[in-house]
Every structure is written in structure tokens, then in C-alpha cells.
Amino acid sequence: MLKKSVLMGTSVLVAASMLAPAIAQDDEIIVTATKREQTLQEVPISVSVTDKTTIERARIQDILDLQSVVPSLRVSQLQNSAQTNFIIRGFGNGANNAGIEPSVAVFIDGVYRSRSLSQISDLPNLERVEVLRGPQSTLFGKNASAGVISVVSSAPEYEWDGYLEGTVSNFDGRAVKGYLTGPLGDNAAFSLGGSYSERDGYTTNQALGTDVNDRNRYSVRGQLLLEPTENSKFRVIADYDELDEICCTVANLVNGPTGAIVVGLGGNADFENPFSFNTFLNFDPTNVAQNSGISVQGDIDFENSTLTSITAFRDSSIDREGDVDFTSADLIGSNAQSLNIETFTQEIRLASDLDGPFNFLVGAYYFDESITQEDSVKFGTGFDAYAEFLTGAPGTLAAVEASLSLAPGTFHRTGDGVEEFATQDNTSYSIFGQGDWEVSDRLTATLGISYVNDEKDVTLTQNNTDIFSQLDFAGADGFQSLVVQGIAAQFPGVAAACGLGPLPFTPANVGAVLAVSSCPGAGGAPGSAVFAGLQAGVTAAVSGLDLTDPAQNPLLGLQALQFLPELLGVPNPGEGGSSSDSNVDYTVRLAYDVNDNINVYGNVSTGYKATSWNLSRDSRPTAAELAANTTIPNNLVVGTRLAGPEETTVYELGLKGNFDKGSINIAVFDQEIKGFQSNTFTGAAFTLANAGKQSVQGVEFDTVFYPTDDFTFSFAGTLLDPNYDDFQNSTLGDISGTKPGGIHEVSLSTSATWNWEHNGYDGYVRADYQYESKVDIQDGGDLSPANLALGATGSRTRETNTLNASAGFTKDNFDVTIWARNITNDQYLISNFPSVAQAGSFSGYPNAPRTIGVSLRANLN
């Protein structure tokens with residue numbers, strides 16, 4: 001009863017047929033982008049569908065590879081194997097901070113994964129991947145303000161089927177995966193699949209002679225299908241996957257003034273050589289991630305409707321540790337994180353299947369998630385010497401230690417640093433409904449509306465053992481240090497006046513001066529009086545200074561070296577650590593069938609993403625919060641604890657045509673996000689802020705052409721004009737009117753496939769090419785000093801030209817495939833950023849080099 005085609009959905013272009021070139025022209029692709037089954041050409045919504053055949057032939061190993069066949073999608077993997085960031089039409093965020101949920105929602109078999117691990121290979125028998133572009137909050141709720149990625153696996157079957165596949169590839173890659181499905185009686189079936197993949201790293205840690213960016217992961221997934229009656233079915237899915245990898249490669253892009261200090265301390269890096277795939281680290285970065293869950297979907301058919309329930313529980317954990325100064329000098333001894341996320345979701349919906357002109361879908365969704373996180377940064381053996389060099393006058397920090405009566409070596413002790421402990425409890429619910437009214441045989445009107453409520457409670461505490469970063473150089477600590485150092489500077493003259501010679505300032509020498517009864521150089525005054533006069537004079541001089549003025553207080557320059565200031569925990573008298581948001585979203589659309597081959601549509605839809613909290617050491621109190629607290633740690637900087645909600649609106653017109661020899665789909669859209677949640681790394685901290693307004697106008701298109709039954713050609717593209725219409729409080733100041741970083745204005749994708757048969761062999765040859773135009777990776781344009789510095793070494797921008805190919809054949813029950821990704825070894829930077837605690841230096845993540853391999857598969861049928 002779910003098979004009836006009803007024009008329900010959100011917005012925009014369907015660009016999917018290009019992604020399934022191996023499917024015959026008369027085959028229909030079924031999608032569930034509107035939470036009911038429809039054919040691809042019936043859905044007036046911007047959904048790109050990558051089918052099972054394309055996934056296998058294009059050798060899409062994980063979600064990172066998916067962007068090679070979906071021009072509007074960009075996926076980046078950065079600091080660790082489990083950290084991915086999805087961007088659709090230039091909108092998206094969520095990386096690097098567990099408190100910041102993504103703007104692109106990821107669903108696997110109908111279950112929302114709030115923090116997606118970067119794996120698709122853990123699903124051994126994929127049916128398709130749907131990428132919904134633009135805001136989808138009407139049907140998918142919160143955190144779908146930029147789009148949705150929906151991964152659909154095959155359900156168990158009542159006939160025995162399966163396969164066993166092995167793959168070998170360069171970098172000594174080895175992988176095996178298998179799948180088996182079959183009956184468990186007349187009303188039940190099962191499937192069981194698993195995979196294991198390992199590969200040497202393609203980067204060499206020259207300091208240790210080890211590999212970085214390897215692969216070592218496995219997964220297992222079981223399903224049970226029960227159909228106790230003719231009108232009911234239940235699908236139970238349980239899965240577990242784990243990775244234990246050394247990741248990821250970070251390259252030096254700009255060797256700033258700190259590079260010479262690193263070398264002087266015996267360290268090294270492959271300076272300004274980002275694609276050498278050589279790195280220098282004290283220890284290899286480790287990443288261990290586990291992901292498990294169980295879900296139950298029930299579908300009950302009534303006479304004119306279907307009731308669906310999806311219940312799921314998921315548990316994800318990540319443990320990582322890295323050498324984040326990315327040199328072989330032992331500056332940052334360790335940066336470690338332990339993160340656990342437990343999520344419960346429940347969805348229930350009712351879809352009608354009426355014979356009349358009106359059909360509807362109504363439902364409700366509940367979300368409950370708990371996050372616990374421990375994060376630490378510890379100093380290495382060389383940080384104190386490094387900090388001494390950064391002062392410009394080695395010995396400065398030792399003098400400050402002495403002036404504050406601290407033991408030598410108190411500052412930056414090995415193993416000192418900070419430990420943060422954060423929690424977040426998030427509950428959310430939504431109620432949604434959507435209706436289609438067939439105004440005529442050709443015209444359909446759609447109206448959808450949803451209400452979402454989202455509540456979060458957070459805690460954040462810190463254990464700080466970095467004594468130096470706790471000093472108040474503009475207050476009591478600075479006053480004492482200046483007084484003591486002033487006395488020390490003048491003490492040799494006092495000792496000489498007392499007939500002792502120009503002795504240095506030490507406790508023993510002070511005692512000697514105090515014991516002198518008459519100082520010849522001081523008019524015969526006793527030493528105690530002379531020393532008391534020195535103290536009084538220096539104290540008076542320092543008391544007359546404005547200690548907040550760098551021109552009067554030379555110690556203020558040391559504040560730049562206080563990398564790990566104390567944290568004002570949450571909750572506190574000025575911040576309760578709670579947020580409560582609610583919103584109403586809608587979709588309004590008209591779809592018109594011009595004839596049997598062409599339809600057009602126009603729609604307006606909105607999206608929403610709730611408040612995100614900064615669950616890191618970079619969480620900064622507001623001015624009002626500080627005013628409400630009586631006990632305030634030193635060196636606090638006013639900032640933000642959270643970013644308020646994102647609100648997205650899109651206006652769109654689209655056309656879809658399907659013909660005997662191909663298809664064409666075009667959409668024109670104007671999309672904006674108010675309150676875009678920006679998360680920017682500044683070299684020592686992540687800053688979370690809302691942009692006033694970010695917008696993008698664009699065109700998406702795709703064409704597929706079948707010149708013969710054996711050949712398929714496709715061409716697709718996305719043209720964007722992105723802008724920060726209003727962003728006054730960025731880390732760079734007011735960058736309103738500039739282009740957002742990392743959003744390519746032109747993204748193109750083309751593919752060609754030749755299918756052949758000969759003497760019982762069925763084969764194919766396939767190639768695809770992706771182009772993305774040159775773009776600044778970071779925000780700010782020429783207003784950014786970082787961009788100007790990166791431009792000098794060619795590391796400011798990114799442009800991609802990627803060619804992939806595969807060829808294979810089937811004989812009886814055996815398949816052979818030869819494949820290659822990034823054949824031309826195209827080189828570009830995924831991201832760039834200020835190097836950690838190394839002002840003037842910049843680092844970045846290079847893309848993966850060429851990979852080639854051979855796969856052999858034995859099929860049960």
C-alpha cells in the first residue's frame with residue numbers, strides 16, 4: 001500500500017538518474033526521500049540517488065567517496081578517522097566539537113545518527129544512498145537545515161543469496177566482506193554481513209619510521225525480517241563496527257618564525273612541502289572508535305493507510321590522542337579525548353493511500369541523547385624552553401618564577417596542562433504533517449508543517465595545572481613580579497654601597513646587606529635602612545604604573561604565552577547551562593505535469609537547527625555572566641558559550657524531463673541561513689559564533705544521455721554564488737559582504753559507462769571526472785591575514801580535478817573488478833588552519849593520493 005506515487009516532499013531538483021548509469025532506461029528507481037516509496041521521477045525534491053551498482057563500480061568505500069558522484073555534496077575528514085563534516089550547497093558544520101550538531105542530518109535505514117562515523121563500508125549490502133539538498137526540517141526535524149543524507153540497506157530476502165569478496169590494493173591494502181540472506185520459514189528471513197579492511201598508511205612519520213593514515217576497521221551487521229500477517233512486517237537490525245587507526249596526515253604549509261625555534265630545540269617538520277606525505281611526530285596519532293546499535297521498524301497496513309514505527313538505540317565512543325604541534329619537538333606532549341554518545345530515538349507516522357485527490361502523512365518524533373566527554377592538553381618536555389625562546393629574551397620566564405618565589409621549573413612542567421569534563425543531555429520532539437491535493441490531473445499542491453522543541457542541559461568543568469597561564473600579569477601577580485624584578489635590578493648597587501661589591505639578588509646576599517651596620521656609599525646608613533628604601537622606592541614606582549597598559553607593564557607581552565587559561569565552569573551563578581528552543585517549519589509547493597515526460601515545480605520551504613553549545617576549553621563567558629560571578633579565574637576572555645539556532649529558507653523552481661534517450665533536470669534556487677553557526681580555529685582556540693545571514697543563489701542541473709543500449713553518458717553541475725550578507729562578529733571582525741571559505745562556485749561531475757557482452761562474459765568500463773573551481777579555503781578573503789600569508793606559499797586555495805575509473809566482468813557466479821581512484825594523483829588541501837601554539841605558521845590536511853586495486857567476488861546466485 002506504500003507503492004502509490006504521491007507528490008510529497010520538500011524542495012528542489014532530482015539529480016539522480018546520472019548516478020545510476022548501469023540501470024536500464026526503462027527501470028524505475030524507488031526512493032523514500034519523502035518518507036514513503038515513490039519513483040525517482042515522481043518526487044519534486046532535490047534528491048541525488050546513488051544506487052547499489054554505482055556504489056560498487058565507482059568503488060565508493062565510505063561517505064568521503066560519495067562526493068565524487070554528488071556535485072552538491074562536500075565531505076571532509078580532518079583531525080581523526082571518526083570526524084567528518086558534511087556540506088550541501090555550501091552549508092554545513094559540526095566538526096571538532098561534540099556540542100555542535102551537524103546541519104546535514106544523516107539517517108541509516110531511517111535511524112538518525114547525530115554524530116556520523118565516517119563509514120559506509122560497514123553496510124555490506126547497500127541498496128542506495130539518497131542526498132536531499134536544501135532544508136528538510138518539515139519531515140526530518142531538527143539538524144536538517146542544510147540537507148539530509150539517507151543510507152538505505154537491502155532488507156532480508158526469502159531466497160538464498162549472498163557473496164564473498166576480497167580486495168587487494170596499493171599501500172598493501174587488504175579487504176574482505178561477505179553477505180548472506182535467506183529464509184527462516186514462511187514468514188521470516190534473515191541477513192548477516194560483515195567486513196574487514198586494513199591498509200598501510202600513505203604517510204611516513206620520519207621521526208619514528210612508522211606509517212600514518214592507515215586503515216584498520218571491521219564491522220558486522222545482522223537483520224531479521226518478520227511478517228506475521230499479510231498486513232504487517234517488522235525489521236530488526238543490529239550492528240557493530242570498530243576502527244583502530246593511525247590518522248590523520250597534517251602538513252606544514254607556512255614555516256613561520258617559530259619554525260627556527262622548533263629546529264633549534266632539536267625538532268623537525270617537512271616545512272612548506274604539503275604533498276610529500278612525510279611528517280615528523282613524537283608519537284603516532286591514535287584513533288579508536290566503536291559504534292553499535294539496534295533498531296526495530298514496524299509497518300502495519302490498514303485499508304487506506306500504513307502505520308510505521310521506528311525505535312532505535314545507539315552507542316558511539318571515540319578515544320583519540322595526537323601530537324598536535326605536528327613536529328618532532330616535544331612541545332605539546334599530548335592532546336587526548338574520550339567521548340561517549342548514547343542516543344534513543346522513536347518515530348511514528350501514518351501515511352494515507354486514498355483513492356481521492358487528497359493524501360497525507362502525519363507523525364511524531366522523539367530524540368534523547370547523552371554525551372560525556374573528557375579532553376586534555378598536556379605539555380611536553382620541550383615546551384618550557386620553547387616558551388622561553390618565544391619571549392625573545394631567554395631567561396625571562398625563569399626570572400618571573402624567581403620573582404614570585406616559585407621553584408625553578410614550576411612553569412610548563414612536563415605533564416602539566418588542562419583536563420576538561422563535559423556533559424550534555426539533549427531531549428527533543430517534533431510533530432509533523434504534510435498533505436497533497438491533486439487540484440487536477442496535472443497539478444498537485446503540497447503543504448507541510450512541523451513543530452520542533454529542543455532542550456539541552458550541559459555541564460563543563462576543568463582541572464588546570466598550568467601555573468603560568470593562571471598568573472594575573474595585569475594584577476597582583478604582575479605587581480609582585482615587577483616589584484621583585486625591580487629590586488633585583490637595583491640590588492647590586494645597594495650591595496656595593498654597603499661595601500660588599502655588586503652582588504646579585506639572592507636571599508643570602510640580602511641577609512648580608514641587612515647585617516651591615518654602616519654603608520659607606522649610603523652616608524653611613526645601616527644596610528637594613530638602605531634595603532628598606534630600595535623596597536619602598538621600587539614599590540612606589542610600580543604602584544604608579546597602569547598595569548593594564550603594555551607601554552608601562554612589560555609583563556603583559558607574556559599573556560600571549562598563556563595558552564591554557566582557567567575555565568569558568570558551567571553551571572555558575574551567571575549561566576545555568578540550559579537552552580530551550582522551539583520552531584515551526586513549513587513546505588509549500590506546486591507541481592505541474594506539462595506532459596508525460598516533463599514536469600515543473602516551485603516551492604518554498606524552511607529548515608531549523610537548535611542551539612549548539614561549545615563543550616570545549618574554548619567556551620567563553622559572556623560579559624553578563626562575568627558580572628554575576630564573584631569568584632572569577634584570572635585571564636578570562638569574554639566570548640560565547642553557545643551559538644543560537646539556525647533558520648533556513650529556500651525558494652526554488654525546478655524542471656524535470658525524462659525521455660527515451662535520456663533525462664534532464666534543472667533547478668534554480670535562492671537559499672539563506674540566518675544565524676549560521678560558525679566554528680573557527682584560531683591556533684589556540686575554537687570560536688563559536690552566529691553569522692547574521694549567509695545566503696547562496698544557485699543552479700543545479702544534470703543530464704543523462706543513452707546513445708545506444710550499451711553506452712551511458714552523464715553530466716551534472718552546481719553553480720553557486722555564496723555570500724556572508726551579515727557577519728559582524730567573526731574572529732576577523734566584520735566580514736559582511738565577503739565569500740564564505742570553502743564553497744566552490746562551480747562543481748561539475750561527468751561519467752561515461754560502456755556495458756558489453758562477449759562469449760558469456762558481461763562486462764563494463766566506467767570513468768568519472770569531478771571538477772571544483774578555485775576557492776579560498778578559509779573565510780575573510782583579503783581581509784584575513786592568514787589568507788595573505790597562505791597565498792605566498794600557494795596554500796590559500798583549493799581546486800580539484802579528480803579522475804576515477806573501473807572495469808570489470810562477470811562470468812557465471814564470479815565478478816572481477818579493476819579500479820583506480822584519483823588516477824592523475826590530483827593534489828589539493830582539504831583544509832588549512834593556524835598551527836597550534838606556533839604564531840605565524842600554518843598547517844593543513846592534504847587529500848589522499850592515488851589508490852588502485854583489484855576485487856574478486858564469488859556470488860551465491
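Which residue's side chain does the side chain of Ser695 join in a polar contact of 2.5 Å? The close-ups below come from a predicted model, and the first one gives the answer.

**View 1. Ser695 and its partner Asp725.** The side chains of Ser695 and Asp725 are joined by a polar contact of 2.5 Å. Ser695 sits in strand E33, which covers residues 693-705. Ser695 counts as buried because its relative accessible area is 5%, and the cut-off for buried is under 20%. Beyond its neighbours within four places in sequence, Ser695 contacts Phe91, Gln671, Glu672, Asp721, Pro722, Asn723 and Asp725.

**View 2. The Arg89–Glu652 salt bridge.** Arg89 pairs with Glu652, with 3.4 Å between the closest N and O atoms. This pair links distant parts of the chain, 563 residues apart. Arg89 is in the loop between strand E5 (84-88) and strand E6 (104-108). Glu652 belongs to strand E29, residues 646-659. Both residues, Arg89 and Glu652, are buried. A network of salt bridges links Arg89, Arg133, Glu652 and Glu700.

**View 3. Two further buried salt bridges.** Side chains of opposite charge can pair when their charged atoms come close. Lys456 and Asp454 form a salt bridge, and their closest N and O atoms are 2.7 Å apart. Lys456 is buried, at 0% relative accessibility. Asp454 is buried too, with a relative accessible area of 1%. In the other pair, Arg766 bridges to Asp768, with the closest N and O atoms 2.5 Å apart. Arg766 is buried at 4% relative accessibility. Asp768 is buried at 3%. Across the whole structure, a search finds 31 salt bridges.

**View 4. Asn629 in its loop.** Asn629 lies in the loop between helix H11 (623-627) and strand E28 (642-643). Is Asn629 buried or exposed? Its relative accessibility is 9%, so Asn629 counts as buried. The side chain of Asn629 makes a polar contact of 3.1 Å with the side chain of Asn572. A polar atom of the Asn629 side chain also lies 2.7 Å from the backbone oxygen of Glu625. Setting aside residues up to four places away in sequence, Asn629 touches Leu568, Asn572, Pro573 and Gly574. Tyr601 is 28 residues from Asn629 along the chain, yet their C-alpha atoms are separated by 56 Å.

View 5. Strand E37 (residues 797-811) and strand E38 (residues 814-821) run antiparallel, joined by seven bridges. Their hairpin has two residues between the strands. Asp812 in this hairpin takes a positive phi near 55°. Lys811 stands opposite Phe814 in E38. E38 also runs antiparallel to strand E41 (residues 851-859), with eight bridges between them. Here Phe814 stands opposite Ala858 in E41. In a regular strand, side chains alternate between the two faces of the sheet.

**View 6. A nonpolar patch on the surface.** Which residues form the nonpolar patch? They are Ile294, Phe313, Phe344, Tyr366, Tyr429 and Ile431. Together they have about 530 Å² of accessible area. Ile431 is placed in strand E23, residues 417-438. Ile431 counts as partly exposed because its relative accessibility is 48%.

Methods: Residues are numbered from 1 along each chain as its sequence is written. This is a predicted model: local features need pLDDT of at least 70, side-chain atom pairs count only at pLDDT 80 or more; totals for chains, interfaces and linings use all residues. Side-chain values use heavy atoms; hydrogens and water are left out. Patches are made of residues with over 30% relative accessible area and no salt bridge: like charges are joined within 9 Å, nonpolar side chains (Val, Leu, Ile, Met, Phe, Trp, Tyr) within 5 Å. Accessible areas come from the Shrake-Rupley method with a 1.4 Å probe; for residues, only the protein chains shown count as cover. A salt bridge is a side-chain nitrogen of Lys or Arg within 4 Å of a carboxyl oxygen of Asp or Glu. Helices (H or I, at least four residues) and strands (E, at least two) are DSSP runs, numbered from the N terminus. Buried means under 20% relative accessible area, exposed over 50%, partly exposed in between (1.4 Å probe, protein chains only). Contact means heavy atoms within 4.5 Å. A polar contact is a pair of N or O atoms within 3.5 Å; within protein, one must be able to donate a hydrogen and the other to accept it, and residues adjacent in sequence count only if both atoms are side-chain atoms. Two strands pair if DSSP finds at least two bridges between them.
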